[in-house]
Amino acid sequence: MSAFNGLSLEGRTALVTGAASGIGRATALLLAQSGAAVVVNHLGRAPEAQSVVDQITAGGCKAWAVEADVSSSKDVVRMLAQLAQMPGLGPIDVLVNNAGIIQEKPFLETTDEDWARMLSVDLGSVFVMCRALLPGMVARGHGVVVNIASDLGVLGRAGFAPYCAAKAGVIGLTRSLAREFAPAIRVNAIAPGPVETAMLSPDSMSAETLALELDIPQRRFAHPEEIAATALFLASDLSRFYCGQVLGPNGGSVMP
Ligand SMILES: NC(=O)c1ccc[n+]([C@@H]2O[C@H](COP(=O)([O-])OP(=O)(O)OC[C@H]3O[C@@H](n4cnc5c(N)ncnc54)[C@H](O)[C@@H]3O)[C@@H](O)[C@H]2O)c1
């Protein structure tokens with residue numbers, strides 16, 4: 001058996017989608033702290049993405065910010081062409097599919113557009129990014145994919161049917177890709193519980209939903225860094241026998 005490299009990502013390049021804020025930002029920073037060169041994807045948030053890059057480069061690692069709507073195949077193809085031109089940037093070894101949106105709306109008021117948008121961003125982006133990056137990983141004979149699902153993909157939540165359906169889909173997609181691309185490429189998911197980010201704030205959710213989210217054994221929201229720690233584990237060699245798993249840093253919201 002070859003030796004473990006521990007949590008070190010030295011010599012690897014990671015791409016984190018939706019990395020200008022929240023869990024994505026914390027993940028980009030932690031992967032870089034562990035030695036990875038990091039591509040910080042964002043959508044319309046150039047200053048925030050640049051500040052993540054600046055923080056990483058100040059710590060002595062390489063990072064690049066790149067804009068793309070990861071739910072759009074066309075935009076992702078354009079982004080990859082742009083990345084191919086960036087000096088010093090190698091092929092992507094670690095893909096973290098983190099970008100996501102949420103919407104609270106009673107099911108009977110949910111429009112075709114609401115449904116299509118949620119499925120396209122929260123599930124379609126994982127399909128689009130994996131289809132774009134897996135061929136390179138297959139050709140190189142290695143790669144890691146970490147998909148950010150949600151505990152709500154397992155629990156369900158009134159007022160969030162499209163989100164929960166999309167996140168349940170991420171879990172199914174993860175398991176299918178894990179089977180199809182093992183052993184060379186490891187595909188796993190994280191299903192976080194409530195995390196202190198813009199997504200879980202009075203701007204995006206009712207007080208009733210926020211109270212429900214807090215009603216878990218740990219009685220607090222996670223810090224984004226606590227989810228990033230799971231992403232680092234799944235990206236690293238320490239998790240090399242994990243395949244198609246869904247890890248749950250969730251404060252006890254789900255106990256499988
Ligand atoms: N906050 C929580 O409680 C929680 C719980 C479980 C799962 N999650 C999941 O974690 C992930 C990150 O969310 P967060 O909580 O950090 O919130 P967040 O809103 O800070 O992060 C989401 C990021 O995705 C980006 N994004 C949205 N659509 C995009 C697109 N089409 N292309 C590129 N980027 C796009 C946003 O600009 C934002 O930076 C999401 O997938 C979310 O569903 C969050």
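Predicted model: local features only at pLDDT ≥ 70, side-chain atom pairs only at ≥ 80, totals over all residues.
**Exercise 1. Describe how helix 4 packs on helix 6.**

Step 1. Two packed helices are described by the angle between their axes and the distance between the axes. Axes are lines fitted to C-alpha atoms, for helices over the stretch in contact; angles run from 0 to 180 degrees between N-to-C directions.

Step 2. Helix 4 and helix 6 (residues 161–181) pack at about 15°, with axes 8 Å apart. Helix 4 is therefore roughly parallel to helix 6. Angles under 35 degrees count as roughly parallel, over 145 as roughly antiparallel, 65 to 115 as roughly perpendicular and the rest as oblique.

Step 3. The crossing of helix 4 and helix 6 is right-handed. A crossing is right-handed if the near helix is turned clockwise from the far one by less than a right angle, and left-handed if anticlockwise.

Step 4. Contact residues of helix 4 include Trp115, Met118, Leu119 and Phe127; those of helix 6 include Tyr163, Val170, Leu173 and Phe181. Contact means C-beta atoms, placed from the backbone, within 7 Å. By class, the contact of helix 4 with helix 6 has 15 nonpolar, 1 polar and 3 charged residues. Ala, Val, Leu, Ile, Met, Phe, Trp, Tyr, Cys and Pro count as nonpolar, Asp, Glu, Lys and Arg as charged, and the others, Gly among them, as polar.

**Exercise 2. Treat helix 3 against helix 4 in the same way.**

Step 1. The axes of helix 3 (residues 73–84) and helix 4 come within 10 Å and cross at roughly 40°. The crossing of helix 3 and helix 4 is right-handed.

Step 2. Ser73, Val76, Val77 and Leu80 of helix 3 meet Val128, Met129 and Ala132 of helix 4. The classes are 6 nonpolar, 1 polar and no charged residues.

**Exercise 3. Which residues are closest to the ligand, and which elements surround it?**

Step 1. The ligand is surrounded by 29 residues; Gly18, Gly22, Ala99, Gly100 and Thr197 are the closest. A residue is near if its C-beta atom, placed from the backbone, lies within 6 Å.

Step 2. Helix 1, strand 2 (37–42) and helix 4 (112–140) each give two or more residues to this shell. Helix 1 gives the most, with 3 residues. The shell divides into 14 nonpolar, 13 polar and 2 charged residues.

**Exercise 4. Locate the backbone exceptions at proline 183 and arginine 219.**

Step 1. Most residues other than glycine have a negative phi, and most peptide bonds are trans.

Step 2. The bond from alanine 182 to proline 183 is cis, with omega near 5°. Proline 183 lies in the loop between helix 6 and strand 6.

Step 3. Arginine 219 has a positive phi, near 50°. Arginine 219 sits in the loop between helix 7 (207–214) and helix 8 (224–235).

Methods:
Residues numbered from 1 in each chain as written. Helix = DSSP H or I, 4+ residues; strand = E, 2+ residues; numbered from the N terminus. Contact = placed C-beta atoms within 7 Å.
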